[in-house]
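Here is my note on the model, point by point. Please read it with the coordinates open.

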Amino acid sequence: TVPEVAVGKRECTDIGAWITAQGYQGVECEKCGVNLIEGVAGRVDLVFNRAIIADIKTTANPPRSGKPWPEWGYQLSGYYLVLSLPTGPAHSLVVNSITGELVPMRWEKEAIDEAQETFKLIMALWRRIKHYDPRGGR
């Protein structure tokens, strides 16, 4: 089933219509994963065709440029690591919390690859600052 995002007293059902329009199959919701090699874990909002990731974002102030914020790419690229999947295209599905409007934003594989390089650097820095490595023994 496709999750419905609560928007005030409304529900955004455009996500299901968008998935159908994209022709995606095999929708998995809230898929959990752990990657002990990379030391990351998480819960992914949506996985399509066992290889394409989407994250639902709810905000009253969506990006005006039509381009998603870079941090979203880091998160999406991290989800590919969490699920031990090779990177591919991804989507930020932005729901305007005031209007309920769905604004899908696509990330090409190359952008996710670049974001993943940055994500790995951020994770290395986090481990150094926190003096903690969930991978153990490193």
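**Notes on the sheet and the aromatic pairs**

1. In β4, N35 has V40 as its bridge partner. This is a predicted model: local features need pLDDT of at least 70, side-chain atom pairs count only at pLDDT 80 or more, and totals for chains, interfaces and linings use all residues. Residues are numbered from 1 along each chain as its sequence is written, and side-chain values use heavy atoms, with hydrogens and water left out.

2. Strands β3 (residues 28-35) and β4 (residues 40-48) run antiparallel and are joined by seven bridges. Strands here are DSSP runs of E, at least two residues; helices are runs of H or I, at least four; both are numbered from the N terminus. Two strands pair if DSSP finds at least two bridges between them. Further along, K31 is bridged to V44 in β4.

3. Four residues lie between β3 and β4 in this hairpin. In the turn, G39 has a positive phi of about 75°.

4. Now the rings. The structure holds five aromatic pairs. Rings of Phe, Tyr and Trp (its six-membered ring) pair if their centres lie within 6.5 Å; planes under 30 degrees apart count as stacked, over 60 as edge-to-face, the rest as tilted. Y24 and F48 are stacked, 4.6 Å centre to centre with 10° between the planes. Y24 sits in the loop between α1 (14-22) and β3, F48 in strand β4, 24 residues apart.

5. Both of these residues are buried: Y24 at 12% relative accessible area, F48 at 0%. Buried means under 20%, exposed over 50%, partly exposed in between (1.4 Å probe, protein chains only). Ring pairs link W18, Y24 and F48 into a cluster.

6. W69 and W72 pair edge-to-face, at 4.9 Å centre to centre and 65° between the planes. W69 is partly exposed at 32%, whereas W72 is buried at 9%.
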